[in-house]
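Me: I have a few quick questions about this model. Could we go through it together?

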Amino acid sequence: MFQKIEIKDLKMNPFVSIGKEWMLITAGDETKVNTMTASWGGVGVLWNENVVSAYIRPQRYTKKFVDEQQCFSLSFFNGNYKKELGILGSVSGKDSDKIKDVDFHVTYLDGVPTFEEASFVFIVEKIYEDILKTDCFIDKSLDEKNYPNQDYHTIYIAKIKAVYVKA
């Protein structure tokens, strides 16, 4: 179903794939998986590694799963499944089986959960994490606008271990 490719062969515009079409951040193991929709994140090179940055607020149930695992996946859908991604981003997996509710099917690539419905997937390994801090905002309006409750995202920087595309 998925084929592993070299990252240099991936055709992706992160401003579209992340910002407009959204992605799923997914973590867990064979017994329990959780996912959340994200429209914030980045792809680039840091510390001589191909990396992603992912951001998760402390109240998100998925954060527990990402924190418990060394690896997680970022799944992309090329603009398909927008309705389902909207549900996966607004309903907590703590309260319902939202993955089943949107009829998505978990599969494992390199032992990391993702979805059969994805167009392409990054399997990533955490290498750095920190919590955004109010003192670090140069543009204070961004803090006021995005964090009125001071529920600052944890930023995860993760090395891209593998890229898979739908075969």
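Me: To start, is Ser73 buried or exposed?
Reply: Ser73 is buried, because its relative accessible area is 0%. Buried means under 20% relative accessible area, exposed means over 50%, and partly exposed lies in between, with a 1.4 Å probe and protein chains only.

Me: Before I go on, what kind of model is this?
Reply: This is a predicted model, in which local features need pLDDT of at least 70 and side-chain atom pairs count only at pLDDT 80 or more, while totals for chains, interfaces and linings use all residues. Residues are numbered from 1 along each chain as its sequence is written, and side-chain values use heavy atoms, with hydrogens and water left out.

Me: Back to Ser73, then. Where does it lie?
Reply: Ser73 lies in strand 6. Strands (E, at least two residues) and helices (H or I, at least four) are DSSP runs, numbered from the N terminus.

Me: And what is Ser73 in contact with?
Reply: Leaving aside neighbours within four places in sequence, the contacts of Ser73 include Leu24, Ile25, Thr26, Val112, Phe122 and Ile123. Contact means heavy atoms within 4.5 Å.

Me: How many aromatic pairs does the structure hold?
Reply: There are 13 aromatic pairs. Rings of Phe, Tyr and Trp (its six-membered ring) pair if their centres lie within 6.5 Å; planes under 30 degrees apart count as stacked, over 60 as edge-to-face, and the rest as tilted. One of the pairs is Tyr61 with Phe65: the ring centres are 5.0 Å apart and the planes stand at 80°, so this pair is edge-to-face.

Me: Where do Tyr61 and Phe65 lie?
Reply: Both belong to helix 2 (residues 61–68), where they are 4 residues apart, about one turn of the helix. An α-helix has 3.6 residues a turn, so residues three or four places apart point the same way. Tyr61 counts as buried at 18% relative accessibility, and Phe65 is buried with a relative accessible area of 3%.

Me: Why is the pair of Phe72 and Tyr156 edge-to-face?
Reply: The ring centres of Phe72 and Tyr156 are 6.4 Å apart and their planes are at 70°, so the pair is edge-to-face. Phe72 sits in strand 6 (residues 71–76) and Tyr156 in strand 10 (residues 154–166), so the pair ties together parts that are 84 residues apart in sequence. Phe72 and Tyr156 are both buried.

Me: Which residues form one aromatic cluster?
Reply: The cluster consists of Phe77, Tyr81, Phe104 and Phe115.

Me: Which residue lies over the face of Phe65?
Reply: Lys64 does, at 5.0 Å from the ring centre. A charge sits over a ring if NZ of Lys or CZ of Arg is within 6 Å of the ring centre and within 35 degrees of the ring normal. Likewise, Lys82 lies over the face of Trp22, at 3.8 Å from the ring centre.

Me: New topic: what volume does the largest pocket have?
Reply: Its volume is about 200 Å³. On a 1 Å grid over the protein atoms alone, a pocket is an open set of points where a 1.4 Å probe fits, with protein on both sides within 12 Å along at least five of seven lines; lining residues have an atom within 4 Å of a point. Grid points are joined across faces, edges and corners, and the volume is the space filled by probe spheres set on the points.

Me: Which residues line the largest pocket?
Reply: Among them are Trp22, Met36, Trp40, Tyr55, Arg57, Arg60 and His153. The largest share of the lining, 3 residues, comes from strand 3.

Me: How do the residues of the lining divide?
Reply: They divide into 6 nonpolar, 3 polar and 2 charged. Here Ala, Val, Leu, Ile, Met, Phe, Trp, Tyr, Cys and Pro count as nonpolar, Asp, Glu, Lys and Arg as charged, and the others, Gly among them, as polar.

Me: One last item: where is the place of Gln150?
Reply: Gln150 is in the loop between helix 5 (140–146) and strand 10. Gln150 has a positive phi of about 55° although it is not a glycine, and at 58% relative accessibility it counts as exposed.
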